[in-house]
Amino acid sequence: MSKPRVPVVEGMFREDAEGTGRLLGGKCPACGGFFFPKQWSFCANSACDGTELEDVELSDRGTLWSFTDNRYAPPAPYPAREPFEPYAVAAVELADEKMVVLGQVARGTDIGALALGAEMQLVVEPLYETDDEVRTVWKWSVSNG
Amino acid sequence: MGDVVVLGAGMHPWGKWGRSFVEYGAVAARAALADAGLEWGDVQYLAAGNTMRNGYPGYVSGATFAQALGWRGIPVSSSYAACASGAVAIDAARARIQSGQADVAIVVGADTAPQGFFGPLPGDRPQDPDWLRFHVLGATNPTYFGLYARRRMELYGATAKDFAAVKVKNSRHGLHNANARYRKEFTEDEIAESPVVADPLRLVDICATSDGAAALVIASAEFAARHQDTARHVRIAAVSTVTPTYPNTYLDMPDIATDSAVGAALPERSFRDSIAHAAYEEAGIGPDDLSCAEVYDLSTALELDWYENIGLCAPGEAESLLHSGATTLGGRIPVNPSGGLACFGEAIPAQAIAQVCELVTQLRGEAGERQVEGATTGLTINQGLFGHGSSVIVTR
Ligand SMILES: [Zn+2]
């Protein structure tokens, strides 16, 4: 039997069909501003007194703001695989939310072919495995249209 | 408010010395006092920058240094603002003097740094963005530096050769600085052979983590005039410790996402631009008045970003400014005459204070082979994790 897939942290994203999912954020009904992750129960806009945030899904597409490729294993608490595999990180701008969200780049992406402004799609991939579970994380993948 | 004057500057050399940060801080404090011609017994207030990786003494650094120098009953403060801690400590000490609660104060920052990447504090803390970015994304500090550098390349056509030129410049500046950890001239070929850490940045593009300490003795103008030849006085014309304005739409460490620009007007200036702007406003000067600047070159590419943030040139023109020689010693506005973080490595709570120490040395004309000719005005700029701005302007 295959291991269940479980998000690496609770409340930041949801996996739907295997490999697809959505980021989970907060939206202030008063000013319309978005927050990711939803750290607090209230709005942090200095010009807004909103005291509640709605739970919302964020856009699963955006444009590439920047990217980098990490060639060395980071320190704990990063669950680095053995042997260490380099991984790229992308910053993606969500048009509707007007915010930039970081994520690792999907495995197998040709980093050399990335360019600012590229259309990116949210995916869900394994980050690491325990004896019982596959711990998943959201990543950014080049959109295929 | 009356002027606040720097009477003494002192440092413990940067390196990996394997001793307690308290020892380095005490050495720097005594050096600053000797430079000021004062004794510990003259000091009425101590402000210190905290260190997060040396246990409880690091969280109460004001008391730690007061105890190490010998308890004397004076009030202290301990500030943490990540890389901006030193500027916040300077601000605390300056406020005491401006308010008339003290005539003379000492500011101390010291660190004993771990090897390799900075990680978050231990323990599982999903509520802490600094823990989250490491655990969920593997987003180290160099990851962010890589993102900024790549964006510079894509927006402005910057190249790895441009970044290397920053390293070559700073490595030459630091050759004659006895407090620098790395005193070695780099060539472009050596840099090109350095391993890539966070593409497009190589190991030598990214600053190391160091042990080190810096201290300043500051005083009211009246006290200063009584205790030191005014020819050596350097005036603190501004201290900026601003935070961002919502919505901050530029991705800052350690955030996983920026603020959303929905439902809020964009601020007049980006956070980084606003740090220097606040300092210029207080000092009543502009970028054209600067003789030199110490900018926080966590990476070579970031130094170029700062040229634009402090108004030395328009966005996208930093590479041209660099290659014109303007920011090299002997040029119009030398940047990082100390050698910068490239030659020091980062000793977090000491670094913003060390930047000011360098400018004091320059403005006094005591910088020897790295002297900026006729320096009269200098600016430091720096940014601490979690939204801390840091900029100090000093003048003759
Ligand atoms: Zn709101």
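## Two helices in chain B

In chain B, helix 7 (residues 160-173) meets helix 11 (residues 300-309). Helices here are DSSP runs of H or I with at least four residues, strands are runs of E with at least two, and both are numbered from the N terminus.

Two packed helices are described by the angle between their axes and the distance between the axes. For helix 7 and helix 11 of chain B, the angle is about 90° and the axes are 8 Å apart. The two helices are therefore roughly perpendicular (65 to 115 degrees). Axes are lines fitted to C-alpha atoms over the stretch in contact, and angles run from 0 to 180 degrees between N-to-C directions.

## About the model

This is a predicted model, in which local features need pLDDT of at least 70, side-chain atom pairs count only at pLDDT 80 or more, and totals for chains, interfaces and linings use all residues. Residues are numbered from 1 along each chain as its sequence is written, chains are lettered from A and ligands numbered from 1 in the order in which they are written, and side-chain values use heavy atoms, without hydrogens and water.

## The zinc site in chain A

Which atoms hold the zinc ion? Its protein donors are the SG atoms of A:C28, A:C31, A:C43 and A:C48, at 2.3 to 2.4 Å. Donors are N, O and S atoms within 2.8 Å of the metal (3.2 Å for Na, K and Ca); water is not among the atoms, so sites may look incomplete. The donor angles are 106 to 114°, so the arrangement is tetrahedral (four donors, all angles between 85 and 135 degrees).

Along the chain, the donors follow the spacing C-x2-C-x11-C-x4-C. A:C31 sits in the loop between strand 3 (21-27) and strand 4 (34-35) of chain A, and A:C48 in the loop between strand 4 and strand 5 (54-57), so the pair ties together parts 17 residues apart in sequence. A:C31 is buried at 17% relative accessibility. A:C48 is buried too, at 13%. Buried means under 20% relative accessible area (1.4 Å probe, protein chains only).

## Strands in chain A

Strand 9 (residues 119-129) of chain A runs antiparallel to strand 6 (residues 61-70), with three bridges. Strands pair if DSSP finds at least two bridges between them. A:M120 is the bridge partner of A:G62.

Strand 9 of chain A also runs antiparallel to strand 10 (residues 134-142), through nine bridges. Here A:M120 stands opposite A:V142. A hairpin of four residues joins strand 9 to strand 10.

Methods
Tetrahedral: all angles 85-135°; square planar, octahedral: opposite > 155°, others 65-115°. Buried < 20%, exposed > 50% of the residue type's maximum accessible area, 1.4 Å probe, protein only. Parallel < 35°, antiparallel > 145°, perpendicular 65-115°, else oblique.
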